[in-house]
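Thanks for joining us. Shall we look at this one together, question by question?

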Protein chains: 6
Amino acid sequence: MKLLIVNPNISSSVTNLIEAEARRVALADTQIEMATAASGVAYIETRFEALLGAHAVAHIAGERKGQYDALLVAAFGDPGLLELREVLDVPVVGMTEAALMTAAQLGQRIGIIAISRRITAWYRECVDRYGMLGRLAGIRHLDRPLRDPGTIQEDHGAHLIELSHRAVAEDGADVLILAGAPLAGLARSVADRLPVPVVDGVSSGVCQAQALTRLATARAQAGGFAKLPAKPNAGLSGGLATLLLRE
Amino acid sequence: MKLLIVNPNISSSVTNLIEAEARRVALADTQIEMATAASGVAYIETRFEALLGAHAVAHIAGERKGQYDALLVAAFGDPGLLELREVLDVPVVGMTEAALMTAAQLGQRIGIIAISRRITAWYRECVDRYGMLGRLAGIRHLDRPLRDPGTIQEDHGAHLIELSHRAVAEDGADVLILAGAPLAGLARSVADRLPVPVVDGVSSGVCQAQALTRLATARAQAGGFAKLPAKPNAGLSGGLATLLLRE
Amino acid sequence: MKLLIVNPNISSSVTNLIEAEARRVALADTQIEMATAASGVAYIETRFEALLGAHAVAHIAGERKGQYDALLVAAFGDPGLLELREVLDVPVVGMTEAALMTAAQLGQRIGIIAISRRITAWYRECVDRYGMLGRLAGIRHLDRPLRDPGTIQEDHGAHLIELSHRAVAEDGADVLILAGAPLAGLARSVADRLPVPVVDGVSSGVCQAQALTRLATARAQAGGFAKLPAKPNAGLSGGLATLLLRE
Amino acid sequence: MKLLIVNPNISSSVTNLIEAEARRVALADTQIEMATAASGVAYIETRFEALLGAHAVAHIAGERKGQYDALLVAAFGDPGLLELREVLDVPVVGMTEAALMTAAQLGQRIGIIAISRRITAWYRECVDRYGMLGRLAGIRHLDRPLRDPGTIQEDHGAHLIELSHRAVAEDGADVLILAGAPLAGLARSVADRLPVPVVDGVSSGVCQAQALTRLATARAQAGGFAKLPAKPNAGLSGGLATLLLRE
Amino acid sequence: MKLLIVNPNISSSVTNLIEAEARRVALADTQIEMATAASGVAYIETRFEALLGAHAVAHIAGERKGQYDALLVAAFGDPGLLELREVLDVPVVGMTEAALMTAAQLGQRIGIIAISRRITAWYRECVDRYGMLGRLAGIRHLDRPLRDPGTIQEDHGAHLIELSHRAVAEDGADVLILAGAPLAGLARSVADRLPVPVVDGVSSGVCQAQALTRLATARAQAGGFAKLPAKPNAGLSGGLATLLLRE
Amino acid sequence: MKLLIVNPNISSSVTNLIEAEARRVALADTQIEMATAASGVAYIETRFEALLGAHAVAHIAGERKGQYDALLVAAFGDPGLLELREVLDVPVVGMTEAALMTAAQLGQRIGIIAISRRITAWYRECVDRYGMLGRLAGIRHLDRPLRDPGTIQEDHGAHLIELSHRAVAEDGADVLILAGAPLAGLARSVADRLPVPVVDGVSSGVCQAQALTRLATARAQAGGFAKLPAKPNAGLSGGLATLLLRE
């Protein structure tokens with residue numbers, strides 16, 4: 001299958017991190033294609049930036065429509081995930097959702113490690129949107145300026161491990177999610193230094209996309225994810241307008 | 001004060017309904033200005049359409065930045081509300097949020113009357129985002145094709161009243177919200193035919209905007225609605241880019 | 001409109017604080033009248049004291065029935081609010097409810113600053129009754145003996161500001177409520193020393209009363225706030241008995 | 001032990017029903033004394049009437065202070081229960097709370113059968129106050145005028161049984177509470193016509209009061225049920241003022 | 001009545017502690033019989049150990065079927081409680097459930113003191129199963145190796161009291177449960193050193209069993225605790241197979 | 001990888017259904033081995049039967065320890081899932097949990113179709129244990145006697161489809177789970193007759209087991225799923241005793 005992975009941030013250095021981690025868990029017959037948002041910000045930390053990211057992802061999803069068998073929204077917080085699930089005929093997977101649903105099968109209480117204080121409000125609302133707030137042990141976060149999203153792992157690796165230990169010891173986390181695309185791959189490299197299973201959003205996303213594709217469930221024709229009702233529209237780019245077609 | 005009311009739909013007929021109702025509750029010193037989304041759909045019923053609407057509202061909010069003292073997002077579901085609250089220095093009010101917070105002061109259990117089945121999933125998530133699901137008696141909805149958003153009141157008025165009665169008798173609603181900008185003004189005209197208080201999103205929005213403006217609270221400098229962290233961006237329209245400035 | 005503001009405590013010094021803050025946000029055509037409970041305690045901190053306060057407010061509300069267009073219960077915890085909403089034909093507003101519904105439009109997570117440890121249990125249950133516990137970031141409180149309810153602001157101002165800062169930094173509050181009628185007006189005077197919007201119960205209550213009056217919704221004829229069923233009663237004061245009449 | 005049972009309604013016919021059921025489960029060494037509210041209404045259905053009832057119960061509790069080893073508030077909805085628990089040194093039990101905690105040990109989902117539509121809003125909030133809303137299968141209710149609270153069982157017995165059956169079959173109740181003091185004793189007489197255990201508030205209350213007395217836990221000196229803080233009061237009857245003393 | 005108390009652990013020293021506390025609150029006509037699990041572990045701290053304990057309790061319950069009027073599962077966490085409630089015709093009571101329902105009538109927020117860190121995950125899920133998570137102030141725990149379940153009280157008494165004080169002061173507990181059968185009787189002996197009521201699971205269980213027996217509600221014939229549907233079974237011990245009979 | 005699938009029921013006809021569906025989604029390098037409970041009942045509908053099933057699964061898991069890379073508990077309700085997750089070093093997957101986490105990525109509100117009324121109470125508690133009650137649209141169920149668990153699909157197929165349609169139209173389900181091992185494979189065969197995606201517990205379980213294996217997270221050394229504390233045990237079968245070893 002062809003899996004289109006879209007980075008909703010404009011940072012190609014992060015796109016590279018995502019791709020490297022994605023390839024580590026891709027099955028032999030999974031073809032990975034990467035895309036990076038053409039508009040938006042360097043790394044999403046807020047609801048407003050997520051709106052920009054969602055719009056950019058939707059644009060790409062529309063432009064490449066028909067060229068992929070599944071789509072992975074590759075920013076924690078899943079900008080545009082539920083929105084695209086309404087308009088695409090293929091599985092749409094998000095890093096946060098996939099990480100949560102994976103982590104939920106490894107422990108009862110889930111701790112999240114985040115890259116900034118500001119980002120935690122958005123993450124918490126995201127967990128809540130999926131109805132998983134009751135499973136959340138807590139969100140711990142870095143609290144220092146970020147030089148570059150592409151170098152957070154090397155700049156702050158030790159601190160992230162320390163936060164992880166505190167999430168287990170103080171928050172009662174059974175399982176951890178290292179959150180944010182800039183941390184893609186970190187779970188793998190630090191796993192043996194942490195006392196509980198550690199989940200990576202990117203590899204969870206790829207594995208969940210592979211699982212959903214294999215299960216091959218049908219597209220919704222009714223309910224809250226059926227095709228959009230036909231109605232007038234205006235002023236949309238070609239990519240976005242394509243997503244409104246009901247063909 | 002200058003209150004900018006933005007219709008996130010492209011329907012100018014609905015903008016007119018909104019304006020008429022808004023003027024009925026505006027205080028003498030409230031100057032109302034209307035704007036209609038330049039891109040998007042005729043009436044938002046889904047998460048994806050709300051994403052388009054949020055983007056269009058943000059564009060207008062940015063372009064006119066500095067020209068209004070408060071902004072009202074005038075579609076039920078509040079596309080872009082929390083996002084804009086992060087980036088604007090003035091109060092930002094939403095029809096759903098304002099209607100819920102108003103209704104909550106008139107009764108304990110709130111019933112919502114909606115214009116289509118499809119729209120209910122989005123509304124329910126919106127109520128949930130505000131933490132008010134425990135107050136929701138239920139959402140009842142029209143279930144017939146909609147000819148034109150500007151004529152729903154005349155086309156379906158009797159049915160909307162019947163749904164309202166059932167929300168009280170069967171769902172236990174103490175207070176009702178007639179939801180959706182296409183219903184602007186209906187609460188006023190049918191109030192004497194309904195057994196509980198009826199709340200209109202537009203007039204609630206105007207009154208809450210007036211209340212917030214009078215209270216004159218300060219803009220957040222910390223927490224989840226502080227100004228956005230400074231960082232690189234790309235590919236954004238002038239209106240949107242303006243909203244990222246931290247001046 | 002005539003707004004009757006009732007202090008459920010017997011402290012006239014607090015009544016004066018309430019009146020001063022109320023007049024600051026009253027519209028030109030809002031006539032404010034004050035009343036102080038004739039029975040009860042100096043300042044309510046517990047459920048039992050709130051029962052006394054509720055009874056005293058009801059007595060006043062009945063005695064002056066017909067002489068006001070809206071009533072504001074001016075103690076945090078809203079003693080008698082839902083009860084009076086059942087029996088009065090005019091809007092009834094409470095300091096806590098109004099503050100919460102206002103704060104909810106300024107931030108997602110709400111912090112409350114209280115005047116004593118003991119009072120926090122009652123406040124928490126009050127927030128819960130309104131279904132807003134999911135929005136509560138936390139309640140922080142003074143923990144020293146209170147000399148006089150009328151001088152808490154000057155006696156403990158610095159400590160209240162410190163608690164406010166901790167509510168933002170440690171509890172993640174986006175917006176704060178300085179709770180309790182003895183703190184009326186403090187939000188206004190300390191706003192520029194706090195990093196998030198600060199809400200005052202009294203001025204929120206006045207503004208919400210003005211909003212509800214302007215919206216002019218009808219009185220409930222059905223549901224949980226309809227007029228009381230007719231039935232025998234005995235042993236009630238004239239004020240209370242008046243409230244049971246169904247005229 | 002001496003158990004004071006207070007009917008918060010003014011109906012002595014209901015007091016008799018309560019007493020008869022209470023005596024059926026009283027242990028040999030339990031002395032039951034009855035009291036009837038001197039002020040209030042014939043039967044409480046609303047929050048406002050519950051306020052009147054709570055006040056009347058408090059008055060009696062204060063007047064007879066020192067003459068009982070436990071107190072049972074004998075109206076469903078428990079008017080004054082938490083309030084009195086703050087000020088009395090002996091166990092205070094409520095019909096609703098006792099019935100819920102008893103029923104919770106007989107089944108996972110609890111159905112409540114009530115005597116009027118109006119009363120259900122108050123009951124639901126009461127269940128919520130005890131944190132048991134997640135255990136509630138539903139509340140079903142009579143919907144006809146009530147001739148006399150003392151004759152509801154004979155007037156509406158068949159309908160109450162029918163409602164009970166529907167609560168099991170349609171709401172999934174594992175256990176039922178026949179709610180309201182006017183139904184005291186009914187559970188016993190109809191038990192063999194119902195397919196699940198049926199709980200009576202009065203006998204549950206007596207048995208829980210006996211259990212709490214036997215356990216002989218200490219009175220709270222800290223937390224939300226410690227003695228009230230000392231402070232000025234005014235205008236209270238002797239019974240109420242007694243409850244404020246800290247001796 | 002005959003009350004069978006089953007210790008789901010294999011520790012007879014703990015059985016002795018349980019029996020001593022049980023006899024202190026047993027009524028004159030309550031005959032207590034003790035049983036100790038023949039298989040399982042020394043003290044249950046985990047879900048897996050609770051499964052072993054539940055199986056062992058069920059075996060005993062089946063073997064002695066018909067010889068008791070009520071059964072008390074005497075390990076905190078209530079292994080097998082809901083399961084046995086489905087198959088036995090007599091009241092089945094659990095230490096945790098009984099303690100929670102008792103504590104709920106003594107305070108609004110309940111603190112639990114536990115004997116190890118590991119045990120807290122299981123306890124928390126148990127509180128959640130009963131829908132009481134909203135009433136939980138917190139769980140505090142010993143964090144040292146346990147020499148012998150029969151000597152925890154003497155080995156760690158001072159620390160348990162310290163944890164209790166912190167639960168009141170820091171978690172806001174109104175009432176405490178000293179959890180775990182190894183702590184049976186401790187609440188009684190330390191009550192005068194603690195500032196809030198303290199509940200013991202064993203004595204709560206005995207008192208609740210006595211209350212339920214006196215109320216004499218009928219066995220469920222419908223709903224989630226009706227007799228099991230008839231169907232083939234295989235490979236079960238005589239005790240277990242007896243519980244499947246529908247006679 | 002070697003995936004051991006254990007049927008906690010004694011029905012080998014159901015084991016065959018499970019195996020057939022499992023093989024349809026197994027990857028080329030997944031070796032499936034089946035096991036059937038040696039003790040228990042024909043099909044689990046109740047908590048008590050689930051206890052028997054959990055015990056039987058644990059016995060098998062212990063006996064074959066070291067011979068599989070992942071284990072799938074193949075009865076809806078997941079008997080023994082969390083318990084085994086504590087004691088095994090490999091991923092343990094449950095049909096319900098896997099189906100829920102899969103369905104959650106296909107729609108927001110999940111409907112469950114069950115094979116009997118009695119089973120629904122157990123299912124509901126299972127959904128609650130995973131914190132997913134807020135995502136549950138409802139549980140609909142067959143209500144007729146079941147001839148044989150192996151023939152439910154042919155006996156009741158039309159009715160199951162009808163229930164599915166009602167779950168979408170009346171409960172607002174976006175996605176459905178056909179629950180219970182006896183329905184293994186049905187989702188696949190009826191997918192084109194249903195308007196929303198349909199999830200099968202067995203194939204979801206296999207795909208999630210494959211995903212978890214590929215992600216290769218480490219075994220918990222801390223938290224609520226760490227190895228069991230060492231302590232005395234007695235009376236256990238060899239299989240069960242093996243699971244207590246800490247080697």
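Predicted model: local features only at pLDDT ≥ 70, side-chain atom pairs only at ≥ 80, totals over all residues.

Biologist: Through which surface do the copies meet?
Modeller: We can compare the interface residues of the chains. Of those in chain B, 100% are also interface residues in chain A, so the copies meet through the same surface.

Biologist: How many helices and strands does chain A have, and what is its radius of gyration?
Modeller: Chain A has nine helices and ten strands. For its 247 residues the globule rule gives 18 Å, and the computed value is close to that, so chain A is as compact as a globular protein of that length. The radius of gyration is 17 Å.

Biologist: What share of the residues of chain A count as buried?
Modeller: Buried here means under 20% relative accessible area. The accessible surface of chain A comes to about 7400 Å², with 48% of it belonging to carbon and sulfur atoms. Among the 247 residues, the buried share is 69%.

Biologist: How far apart do the centres of the positive and negative side chains of chain A lie?
Modeller: Good one to finish on. Chain A carries 24 positive and 26 negative side chains.

Conventions. Residues numbered from 1 in each chain as written. Chains lettered and ligands numbered in written order. Heavy atoms only, no water. Contact = heavy atoms within 4.5 Å. Helix = DSSP H or I, 4+ residues; strand = E, 2+ residues; numbered from the N terminus. Rg over C-alpha atoms; globule rule 2.2 N^0.38 Å. Buried < 20%, exposed > 50% of the residue type's maximum accessible area, 1.4 Å probe, protein only. Areas by Shrake-Rupley, 256 points an atom, 1.4 Å probe, with all protein chains shown as cover. Lys, Arg positive; Asp, Glu negative; His and termini not counted. Charge placed at Lys NZ, Arg CZ, Asp CG, Glu CD.
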